[in-house]
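Here is a short report for a first look. It covers a pocket, then a surface patch.

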Amino acid sequence: MTLRMTPPSSQTYTQILKSTMLMGGSSLVNVALSIIRNKAMAVLLGPEGVGLMGLYGSILDIAQAIAGLGVGSSGVRQIAEAAGTDDAERIARSATVLRRISMVLALLGALLLAALAFPVSNFTFGDYQHAGGIALLSLAIFCRLVSAGQTALIQGLRGIADLARINVLAGLFGTAVSIPLIYLFGMQAIAPSLVVIAAASILPTWWYSRRICPHPSPMPARQFGREVSALLRLGFVFMASGLLTFGAAYAIRLIVLKEGGVMAAGLYQAAWGLGGLYAGFILQAMGTDFYPRLTAAADNDAECNRLVNEQAEISMLLAGPGLLATLTLAPLMMSLFYSAEFHGAVDLLRWICLGMMLRIISWPMGFIVVAKRTQAIFFWTEVAAAVVHVGLAWLFVSLLGTPGAGMAFFGLYVWHSILIYVIVRKLTGFRWSAGNRRHALLFLPVSGLVFLAFSVLPLWPATAIGSVAVALTGFYSLRMLVDLLPPESVPAIIRGWIAKSA
């Protein structure tokens, strides 16, 4: 049976764009802070220091995925489901359980990482010199997990504006403290600076979540146990997913480290950070607002398909020109965000941009699998993605050097985009809308053309081709967005300019 999708509404597009702009606005502030922070780290530490910071970051991510047991993500779903019922008592129960279990997991996670500091150092670096730094990261784990529980409360209730403020405040504080630490103490301050950045989110998340059910909901031990059990059952799948994703990222950094040393690891970290910078605010907004909305409509296949198509359309139109600009201006961006020492990462960055273009398209479909509670499908797709990503990285890096890690990321999303489309087609009868097919058939070939231009032409002719592509796709995206939104939400100056240019 073919499912008929509900026609898209301009109000829904407005909501998607509003939430994206709220999170995007905070992300733009963090982009500016990232320019300052990355530039300082690059000048003060060089590629080796940036590579060490990336490896420490991967250790943190894996430890958080294990110790957190997926409670942050499952908590968002539990709170969103409770909010959908308008049952104040149920919301209070879910909030109480989430707060308490997050604190317990934070303590256990910190103790676990501190206890395993020596073996983790030996496995990662082949020696015990970094054991002290890894033990110090246990404080960052505690801060991250407590903050994740508080953030889940806000996200589950779709407090988008509060989340945007939290991002800005955490970014400001983390930058203001971490740069002086690095300046004063150099490489020895890398682990403390990561602790500071993690700690920067504790206070703002507490401040904005304190109003949500401030008084713990009394409940019998048996009921508390049932609530925790429900949270952990779903959380286990998210934990496995996070562990696979971060584990793959860690494995790829180890592959690059073993093949090219800490310098190559620094180049990879720089390219990865820049490749995800622009796409990051789109993906963050997608997880922040879109996931709770899709969860509320999980039992209605037609509505799910409509929401995914609308989210994908806005995401493609916003991300496409920006990723093309990153691909075109890769050398300039490396100099701006890092230094001339990092120009060896330019080719790697361009491959990552191609993969990010596919990631933007495929991510909205993936949320259907999560919202439908198809844990087994979700788990095995994550397993397959991790195996493909690490396998391609091992093959390409050994044959082609550090740029092979970018090729592996692109190859992953070629494969994953096809797989996830087949899965959601069977789950909900999903089909791409005509508009999304048109957008994809514009952005994907143009991205390939610009990438090819830099492969076969001198720098300036290729840059000219890329600049024209950015200008044309930027105008196209702006015009499409204006057509999707209600007239009253578009500034008159933009409507007039579009009308004159048509």
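## The largest pocket

The largest pocket holds about 270 Å³ of space. Of its 15 lining residues, Ile361, Ser417, Trp432, Ala440 and Leu444 are the closest to the centre. A pocket here is an open set of points on a 1 Å grid over the protein atoms alone, where a 1.4 Å probe fits, with protein on both sides within 12 Å along at least five of seven lines; lining residues have an atom within 4 Å of a point.

Helix 12 (346-371), helix 14 (403-428) and helix 15 (434-456) each give two or more residues to the lining. Helix 15 gives the largest share, 5 residues. Helices are DSSP runs (H or I, at least four residues), numbered from the N terminus. By class, the lining has 11 nonpolar, 3 polar and 1 charged residues.

## Basis of the model

This is a predicted model, where local features need pLDDT of at least 70, side-chain atom pairs count only at pLDDT 80 or more, and totals for chains, interfaces and linings use all residues. Residues are numbered from 1 along each chain as its sequence is written, and side-chain values use heavy atoms, with hydrogens and water left out.

## A nonpolar patch

Val43, Leu44, Tyr183, Leu184 and Phe185 form a nonpolar patch on the surface. Together they have about 570 Å² of accessible area (Shrake-Rupley method, 1.4 Å probe). Patch residues have over 30% relative accessible area and no salt bridge, and nonpolar side chains are joined within 5 Å. A salt bridge is a side-chain nitrogen of Lys or Arg within 4 Å of a carboxyl oxygen of Asp or Glu.

Helix 1 (10-68) and helix 6 (160-185) each give two or more residues to the patch. Helix 6 gives the largest share, 3 residues. Leucine 184 lies in helix 6. Leucine 184 counts as exposed (over 50%), because its relative accessible area is 58%.

Key
Patches are made of residues with over 30% relative accessible area and no salt bridge: like charges are joined within 9 Å, nonpolar side chains (Val, Leu, Ile, Met, Phe, Trp, Tyr) within 5 Å. Buried means under 20% relative accessible area, exposed over 50%, partly exposed in between (1.4 Å probe, protein chains only). Grid points are joined across faces, edges and corners, and a volume is the space filled by probe spheres set on the points. Ala, Val, Leu, Ile, Met, Phe, Trp, Tyr, Cys and Pro count as nonpolar, Asp, Glu, Lys and Arg as charged, and the others, Gly among them, as polar.
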